[in-house]
Amino acid sequence: MERAWRLDDDLYTSDNLLDPITFDQLIMAVHCDCRQVNEASVRRELEKILEMRKDDMMELLERNMDIIIEKALENRKQEA
């Protein structure tokens, strides 16, 4: 079964929108993807990882915009 990536379906409100980046992930990316290992290549790899994570985050946002708005409005009604 394919994931829907939707709140209240297969995501929780406590799930991360933006996945963390570990040192291990960066080191492995540099190891595998960089011909030369230096400060510039490490920075480039981190930027690439960050851009991919940002794209994923924006996709999650778009898929769930209606639910996010709905839940925010529900919370306002409960406070009133």
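Which side chains meet in a salt bridge at 3.5 Å, N to O? They are those of arginine 3 and aspartate 10. This is a predicted model, where local features need pLDDT of at least 70, side-chain atom pairs count only at pLDDT 80 or more, and totals for chains, interfaces and linings use all residues. Residues are numbered from 1 along each chain as its sequence is written, and side-chain values use heavy atoms, with hydrogens and water left out.

**Charged contacts**
- The structure holds six salt bridges (a side-chain nitrogen of Lys or Arg within 4 Å of a carboxyl oxygen of Asp or Glu).
- One of them joins aspartate 8 and lysine 71, with the closest N and O atoms 3.0 Å apart.
- Arginine 3 also lies over the face of tryptophan 5, at 3.8 Å from the ring centre (the rule asks for NZ of Lys or CZ of Arg within 6 Å of the ring centre and within 35 degrees of the ring normal).
- Arginine 3 counts as partly exposed because its relative accessibility is 38% (buried means under 20% relative accessible area, exposed over 50%, partly exposed in between, with a 1.4 Å probe and protein chains only).

**Cysteines**
- A search of the whole structure finds zero disulfides (pairs of cysteine sulfur atoms within 2.5 Å).
- Cysteine 32 is in no disulfide.
- The sulfur of cysteine 34 has its closest cysteine sulfur in cysteine 32, 9.4 Å away, so the two are too far apart for a bond.
- Cysteine 32 counts as exposed, at 53% relative accessibility.
- Cysteine 34 counts as buried, at 13%.

**Largest pocket**
- The largest pocket is lined by 19 residues (a pocket is an open set of points on a 1 Å grid over the protein atoms alone, where a 1.4 Å probe fits, with protein on both sides within 12 Å along at least five of seven lines; lining residues have an atom within 4 Å of a point).
- Leu11, Asp15, Asn16, Leu17 and Leu60 lie nearest its centre.
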